[in-house]
Amino acid sequence: MILAAGRGERMRPLTDLLPKPLLRVGNQSLIEYHLKNLARAGFVKIVINHAYLGEMIESALGDGERYGVNIHYSPESLVLETAGGIANALPLLTDGWINQPFLTINADIYCDLDFAKLVPVLQYMQSNPEKYLAHLVLVDNPGHHVEGDFALDSDSGQILLAGRRKLTFSGIGVYQPWFFNNVKPNMAVKLAPLLREAIEMKKISGEYFNDMWFDVGTPERLSQLDAQLISQL
């Protein structure tokens with residue numbers, strides 16, 4: 001699932017007439033990088049939620065055929081936040097299979113992670129459904145978020161609320177469907193409180209990714225990423 005329902009207030013005025021996932025860096029939009037990377041990794045069925053200017057996302061991407069994927073859309077009449085948006089899309093994500101973990105990615109990041117490396121995580125979580133509720137990819141703290149989010153126990157692979165070195169949640173995670181059991185339909189619910197509760201229960205695993213990752217949250221960071229990608233063309 002690609003999470004694409006945010007309003008992008010910090011990106012204004014760029015997002016006044018265009019949803020943030022369609023902002024271009026290098027030679028394509030942010031969300032197109034995700035679609036192509038997912039296709040290369042073997043992910044075929046993609047669910048995209050949207051709210052603000054969502055019809056533009058559907059018009060731009062269509063059914064996903066030209067990217068080698070099959071896109072399903074989960075429109076939101078009001079922004080449901082991350083957990084609410086995922087819960088709203090569960091019927092599309094699981095096809096009724098209660099034991100089918102899934103990958104989610106924030107649309108407003110750029111990352112060169114090979115998503116195929118998360119396939120073993122999905123397989124493990126499916127084979128061991130009681131072990132973990134979620135698996136998070138953590139990255140180095142960017143300049144605008146130096147305090148980080150969570151720590152990672154390198155021995156157990158578990159995510160911790162505190163530790164010697166805190167890292168930043170990348171916006172990339174794998175989840176069990178029942179992680180969202182207590183999220184009521186059409187209710188705006190943030191993800192962070194659910195994660196913290198599950199971390200306290202030692203139910204979240206994670207890994208550290210130390211390659212290229214950008215949180216494209218402001219016009220300045222968008223321009224920085226655009227210049228970097230253009231220099232690589």
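The following dialogue goes through some labels used for this predicted model.

Tutor: The model is predicted: local features need pLDDT of at least 70, side-chain atom pairs count only at pLDDT 80 or more, and totals for chains, interfaces and linings use all residues. Residues are numbered from 1 along each chain as its sequence is written, and side-chain values use heavy atoms, with hydrogens and water left out.

Student: Why is asparagine 186 called exposed?

Tutor: Exposed means over 50% relative accessible area, buried under 20%, and partly exposed in between (1.4 Å probe, protein chains only). Asparagine 186 has 58%, so it is exposed.

Student: What makes lysine 202 count as exposed?

Tutor: Its relative accessibility is 57%, which is over 50%, so the term applies. Lysine 202 also has a positive phi, near 60°, in a residue other than glycine.

Student: How many aromatic pairs does a search of the whole structure find?

Tutor: The search finds six. One of them joins phenylalanine 102 and tyrosine 175.

Student: Why is the pair of phenylalanine 102 and tyrosine 175 called tilted?

Tutor: Rings of Phe, Tyr and Trp (its six-membered ring) pair if their centres lie within 6.5 Å; planes under 30 degrees apart count as stacked, over 60 as edge-to-face and the rest as tilted. Here the centres are 6.4 Å apart and the planes 40° apart, so this is a tilted pair. Both phenylalanine 102 and tyrosine 175 are buried.

Student: How do you know that the charged end of arginine 165 sits over the ring of tyrosine 208?

Tutor: The definition asks for NZ of Lys or CZ of Arg within 6 Å of the ring centre and within 35 degrees of the ring normal. The charged end of arginine 165 is 5.0 Å from the centre of the tyrosine 208 ring and is listed as sitting over it.
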